[in-house]
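Subject: Handover of a structure and findings

Dear colleague,

Please find the structure below, together with its sequence. My findings follow it, and I would be grateful if you read them with the structure open.

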Amino acid sequence: MIFVFFLILLMLIAAMAASIFRDLISAVIAAALVSLIASILFYFLQAPDVAMAEAAIGAALTAAIFIIAIRRTSRYEE
Amino acid sequence: MRRIVAILLLIIVALGISLSLAKIPFGTPKTKVGRHYINEGVKETGAANIVTSVVLSYRGFDTLGEVTVLFIAAIGLGAVLTGATEKKARKTEPASLVLYTGCRLLFPLILIFGSYIFIHGHLTPGGGFQGGAIIASGFLLIYLGCRERRISRKASKLTESLGGLLFVVTGLLGLAFGGYFLSNFLPKGTANELFSAGIIPIIYIAIGFKVGSELASIIDNLIEES
C-alpha cells in the first residue's frame with residue numbers, strides 16, 4: 001500500500017515536471033514516466049489488459065512520435 | 001491575478017469532483033449487465049478472459065469502429081506527410097556494434113512476444129491492440145538501431161488491408177450463418193484451451209496484424225519524412 005502511494009507521488013512529480021521543463025526532450029521523457037507509472041497502477045488495480053496497452057502505446061510509441069516531431073522543430077521552448 | 005483566479009477555479013473543481021464521488025463505493029458491482037458478463041460470460045462466449053469476451057463478442061461492433069478510427073488516423077497522417085517537401089540526404093551516424101547486434105537479436109523475440117499476446121488474447125490478458133502495439137515497438141527498435149533496414153510499404157499496406165478484410169468477412173459470415181453481424185458461428189469448445197471461443201481468436205489475429213502494421217507504418221512515415 002505504501003508502495004502504491006509512493007508511485008502516485010512520483011507520478012504527480014513527473015506530471016508537474018513535464019509541464020515545467022523548458023527542454024522539450026526532458027518533458028517528453030517525464031510524460032512517458034507518467035504513462036509507465038500509470039500502467040503499473042493499472043496492474044495493481046487488477047486491469048492487466050489496460051496496463052499492457054498503456055505501457056506499449058503511452059510509454060513507448062507516443063514518446064517516440066513526440067521525439068521525432070521535436071527533432072523536426074526546435075528543442076528548447078522560449 | 002489571472003493565475004490566482006485559475007488556481008482558485010481548479011481548487012473549486014477538484015473539491016466538487018471529490019465531494020460528488022466520495023459517496024460512491026469503489027469497486028462494487030452495481031449494474032446487472034456487468035454481473036451478467038462476469039457470471040455467464042465464459043459459458044456464453046467460451047473465452048476465459050472476460051475482457052476479451054466483452055470487447056469482441058458482446059461489443060464486437062464497437063471494436064470494428066475503433067479499428068476504423070485507427071485506420072483513418074494512419075491514412076490521414078500519410079496524406080498529410082506525402083505533401084511535404086522532397087527530403088534531402090541527411091547524414092546519419094551508424095549505430096554502434098553493441099546497439100546494432102542487440103537490436104537484431106531482440107527484434108524476433110519482440111515479434112514472438114507480440115504474436116503470443118494476440119494469439120492467446122482469449123485466454124490471458126492482452127489482445128489484438130496490445131500485441132499490435134508491442135510489434136510496432138519492435139519495428140521502432142529496428143528503425144533506431146539498424147538504420148539501413150526498412151519495412152516495405154507495399155507489404156505493410158497489404159497486411160493492413162488483409163487484416164481489416166478478415167475482420168469484416170468473419171462478421172459477414174456470422175451474419176450469414178448466425179443471423180446477426182459478428183455472431184459466434186464456430187463451435188465454442190471448452191474454455192481455457194487454445195482452440196476455443198469460436199471466432200474470437202480469428203478476429204484477434206486479424207486485429208493484431210492490422211494494428212501492428214498500421215502503427216509501424218505511422219512510425220515509418222514519420223521517420224522517413226523527418
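Does B:L182 count as buried or exposed, and why? The model is a predicted one, and in it B:L182 counts as buried because 24 C-beta neighbours lie inside 10 Å, where 20 or more are required. The residue is found in the loop between helix 7 (153–178) and helix 8 of chain B.

A residue of chain A may be set beside it. A:Q46 also is not a glycine and has a positive phi, of about 60°. A:Q46 is placed in the loop between helix 2 and helix 3 of chain A. Whereas B:L182 counts as buried, A:Q46 counts as exposed, because it has 10 C-beta neighbours inside 10 Å and the limit for an exposed residue is 12 or fewer.

Helix 2 of chain B

Helix 2 of chain B covers residues 32–45. Its 14 residues, at 1.5 Å a residue, should span 20 Å, and the end C-alpha atoms are 18 Å apart, which agrees. An α-helix has 3.6 residues a turn, so residues three or four places apart point the same way. Just after the helix, B:G46 takes a positive phi of about 85°.

The largest nonpolar core

The largest nonpolar core has 46 residues. Those that touch the most other members are A:A56, B:A133, B:A136, B:I203, B:I207 and B:I219. At least two residues of this core come from each of the following: helix 2 (24–44) and helix 3 (48–72) of chain A, and helix 3, helix 5 (97–119), helix 6 (128–145) and helix 8 of chain B. For B:I203, the contacts beyond its neighbours within four places in sequence are B:L56, B:F167 and B:T170.

Where the chains meet

How many residues of chain A are in contact with chain B? There are 13, and they are in contact with 16 residues of chain B. On the side of chain A that touches chain B, 10 residues are nonpolar and 3 are charged, with no polar residue.

Yours sincerely

Note on methods
Residues are numbered from 1 along each chain as its sequence is written. Chains are lettered from A and ligands numbered from 1 in the order in which they are written. This is a predicted model: local features need pLDDT of at least 70, side-chain atom pairs count only at pLDDT 80 or more; totals for chains, interfaces and linings use all residues. Helices (H or I, at least four residues) and strands (E, at least two) are DSSP runs, numbered from the N terminus. The expected span of a helix is 1.5 Å times one less than its number of residues. A nonpolar core is a set of buried Ala, Val, Leu, Ile, Met, Phe, Trp, Tyr and Cys residues joined through C-beta atoms within 7 Å. Two residues are in contact if their C-beta atoms, placed from the backbone, lie within 7 Å. Ala, Val, Leu, Ile, Met, Phe, Trp, Tyr, Cys and Pro count as nonpolar, Asp, Glu, Lys and Arg as charged, and the others, Gly among them, as polar.
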